[in-house]
Amino acid sequence: MAQKLPTLDLHGFKKDEVFDAVDRFIMKNNGRDRVKIMPGKGEGIVRAELLRYLKLGGYPWSYEEMPNGQKNMGSVIVHL
């Protein structure tokens, strides 16, 4: 059985709230292999800000893969 990843749901967040929320979440989960962050799909503003944070921090990431093999653009797996 797959281990459930710690998850941060960013639905409803504004662009200027993303950096602090993601930073707190990643620091809280320091020592884990991976975490899941859900920016949602929407207009892509929150997702773009999340990906900018991950790039600046040097965190490798990938979109979560759905059971049908498609990538879920609303869910990001971050490799810590």
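1. Asn-72 is buried, with a relative accessible area of 17%. In this predicted model, the residue is found in strand E4. The value falls within the buried class because the cut-off is under 20% relative accessible area.

2. The surroundings of Asn-72 deserve a separate remark. Its side chain reaches the backbone nitrogen of Gly-74 at 2.9 Å. When neighbours within four places in sequence are left aside, Asn-72 is in contact with Lys-41, Tyr-63, Glu-64 and Met-66.

3. A polar contact of 2.9 Å joins the side chain of Glu-49 to the side chain of Arg-52. Not counting residues up to four places away in sequence, Glu-49 touches Lys-15, Val-18 and Phe-19.

4. Which residues have the most contacts inside the largest nonpolar core? They are Leu-10, Val-22, Ile-37, Leu-50, Leu-54 and Val-76, in a core of 17 residues. Helix H1 (15-28), strand E2 (34-38), helix H2 and strand E4 (71-79) each supply at least two residues of this core.

5. Leu-10 may be taken as one of the core residues with the most contacts. Apart from neighbours within four places in sequence, Leu-10 is in contact with Val-18, Ala-21, Val-22, Ile-37, Met-38, Pro-39 and Val-46. Val-18 is also among the residues that Glu-49 touches.

6. As to the overall architecture, the chain contains two helices and four strands. Read along the sequence, these elements follow the pattern β-α-β-α-β-β. Of the contacts in the chain with a separation of 6 or more, 59% are accounted for by residues 24 or more positions apart.

7. The overall dimensions may be stated briefly. A compact globule with 80 residues would have a radius of gyration near 12 Å, and the chain, at 12 Å, agrees. The C-alpha trace spans about 35 × 30 × 20 Å along its principal axes.

8. Finally, on burial and surface, 38% of the 80 residues of the chain count as buried. The accessible surface of the chain comes to about 5500 Å², and carbon and sulfur atoms hold 50% of that surface.

Notes. Residues are numbered from 1 along each chain as its sequence is written. This is a predicted model: local features need pLDDT of at least 70, side-chain atom pairs count only at pLDDT 80 or more; totals for chains, interfaces and linings use all residues. Side-chain values use heavy atoms; hydrogens and water are left out. A polar contact is a pair of N or O atoms within 3.5 Å; within protein, one must be able to donate a hydrogen and the other to accept it, and residues adjacent in sequence count only if both atoms are side-chain atoms. Contact means heavy atoms within 4.5 Å. A nonpolar core is a set of buried Ala, Val, Leu, Ile, Met, Phe, Trp, Tyr and Cys residues joined through side-chain atoms within 4.5 Å. Buried means under 20% relative accessible area, exposed over 50%, partly exposed in between (1.4 Å probe, protein chains only). The radius of gyration is taken over C-alpha atoms; the globule rule is 2.2 Å times the number of residues to the power 0.38. Accessible areas come from the Shrake-Rupley method with a 1.4 Å probe; for residues, only the protein chains shown count as cover.
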